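I opened my notebook to look at one protein model.

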Amino acid sequence: MTISKDGDPTLTVQTSDLSGEDALIKIRGARTNCNTCDIAMLQFDNKTNAAYTMAQISAMDPSASHTQGKGKLVFRTATGGTLSDQMVIDEDGLVGIGTD
C-alpha cells in the first residue's frame, strides 16, 4: 500500500482525547531461521530525481528462532548510498555504537 500526497504528507495515529487508550503502530514480518535478516523496518528515503535511502531502523531475531521471543534493533545510516550499521541494541539491552 502506498499513501501519496503532494505537499507535506503527514500520517497521524491518535486516540480520542478522553479515550484513555494508547496509540500503536505495528510493523510485522514473518521471517524464521535467519539471525542476520531484517524482520521489520522503518526506512527513510530521499525521493528526488536521484532517490536514495538515507537511514533505516531494523528489528531482527538474534537467535533465528521465532519461538524464543528475542529481538534486537539495528540503526543504519548511509554513506555514499550504502547503508551500514551504526548502533545496535541487543536482546539483553546492551548498546553497541560504531562496533563491529
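I began with the rule for elements: helices (H or I, at least four residues) and strands (E, at least two) are DSSP runs, numbered from the N terminus. I noted that this is a predicted model, where local features need pLDDT of at least 70, side-chain atom pairs count only at pLDDT 80 or more, and totals for chains, interfaces and linings use all residues. Residues are numbered from 1 along each chain as its sequence is written, and side-chain values use heavy atoms, with hydrogens and water left out.

**Elements.** I found zero helices and five strands. Along the sequence I read β-β-β-β-β.

**Overall form.** I looked up the radius of gyration, taken over C-alpha atoms. The protein has 17 Å, while a compact globule of 100 residues would have a value near 13 Å. That rule is 2.2 Å times the number of residues to the power 0.38. The C-alpha atoms fill a box of roughly 45 × 40 × 25 Å along the principal axes.

**Burial.** Of the 100 residues, 14% are buried. Buried means under 20% relative accessible area, exposed over 50%, and partly exposed in between (1.4 Å probe, protein chains only).

**I25.** Where is I25 found? I placed I25 in the segment before β1. Is I25 buried or exposed? I25 is exposed, because its relative accessible area is 62%.
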